[in-house]
Amino acid sequence: MASLFKGSPALAPRMFGWLVGLAAILLMSSAAHASPIQVEGLRVVGDASRARIVMDVSDSPDLRWFLLRAPHRLVLELTDVEYLHDETAASPRGLITDIAFTDAGGAKSRMIVTGEGAFVVENVDIMKNEDGAGYRVVVDMVAGSDRQFEAALADQIATTSVTSAGQAPDVPRFTIVIDPGHGGADSGARGVSGVLEKTITLAFGLELKKALEDLDRYDVHMTRDRDRFLRLDERVRIARRHEADLFISIHADAIRHRDVRGATVYTVSETPSDAASAAKAIRENLADQLAGYGSPEESDEVSGILADLVRRETDGFSLRFANALVDSLSSEIAMIKNPHRFAGFQVLKAPDVPSVLVELGYLSNAADEAQLRDVEWRAQATAGIVGAIDRFAGGRIGSTE
Ligand SMILES: [Zn+2]
């Protein structure tokens, strides 16, 4: 892992995007609406240097926006709206050369605003009308340079995921790397009935991949999709190579206390949450040595203030996902007491990839082991993880924290 940070052209803009992107508001949501929100008016005003789009809406809409290049476009995506506006008032002018509407699937529709060359989006606001009747969406665009447009696009790529297939080819989708623990010579733990951890984690990982791919809004990769050995640093490298937005390592441990059961979510920390988690991290970090592959270099390559900022950013995202995961998983399967724990797991140490390790249950507990072998139980656990990913990925689109 010595060269992970240095010599990685992908990291700098990505990092920049994360930091800058904190200020960007790309998603504004409100409670779900029973009936469509009506777009009663749509006006475009301005000239070649500046444009304002004003949309009169019956209620506060779910709105997100993103940029596309070639030509320079702003896409306003609204959920569950009905356009009733007078089209003449919405005719393009000045900085805006075209306005088009497309159906984006589900209840989503997109208003695609084409600029006369590059522009900068100054703000996208949703405001309550002073007379209390309805809301206004106000979008301000100002002519800008190609460099500014590209910088905004780079921020967007680094901080968001546009999750509809095909229609936004310039924006990568939210990418998840699933890491089935152990494999090959490293079998991991052994269950009370003899099942091996590496077998359970692979089966689960493949099922999770399929469940995510069925949604058609994520790019999903596996660190391994068959029974083979992989060093811990190779797993981290695979996550970084795919520029993953999320890395999930799947495990099913065994411990001496056979009555201990339930799922646990781990994040990385130099200070372990408890002795059991510290021991767990030591066990998992030994996987390389147990398989006879020697110890990878200690990952001390990430240093300096900028790297610390990235690391802290990443840790924040990891914690946020871990919270969502505990919340979502606990409605599907049994969790251990204090289900979010932390320790120094090597496999969670990518500096720029939010990472968690999920201990699905204990192979040393007969009831847990039976569940881990049960495809229906695994489907429930999968649903819990998918729910958390949906929430986390949605939040990343409009993160302002
Ligand atoms: Zn394990």
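User: In which loop is His-182 placed?
Analyst: The model is predicted, with residues numbered from 1 along each chain as its sequence is written, and local features need pLDDT of at least 70, side-chain atom pairs pLDDT 80 or more, while totals for chains, interfaces and linings use all residues. Side-chain values use heavy atoms, without hydrogens and water. Helices (DSSP H or I, at least four residues) and strands (E, at least two) are numbered from the N terminus. His-182 is in the loop between strand S11 (174-180) and helix H3 (197-214).

User: What is the phi of His-182?
Analyst: Most residues other than glycine have a negative phi. His-182 is not a glycine, yet its phi is positive, at about 65°.

User: Is His-182 buried or exposed?
Analyst: Buried means under 20% relative accessible area, exposed over 50%, and partly exposed in between (1.4 Å probe, protein chains only). The relative accessibility of His-182 is 6%, so His-182 counts as buried.

User: What is the relative accessible area of Asp-80, another residue with positive phi?
Analyst: Asp-80 lies in the loop between S5 (73-79) and strand S6 (81-83). Its phi is near 60°, positive in a residue other than glycine. Asp-80 is partly exposed because its relative accessible area is 24%.

User: What is the omega of the peptide bond from Ala-70 to Pro-71?
Analyst: Pro-71 belongs to the loop between strand S4 (62-68) and strand S5 (73-79). Most peptide bonds are trans. The bond from Ala-70 to Pro-71 is cis, with omega near -5°.
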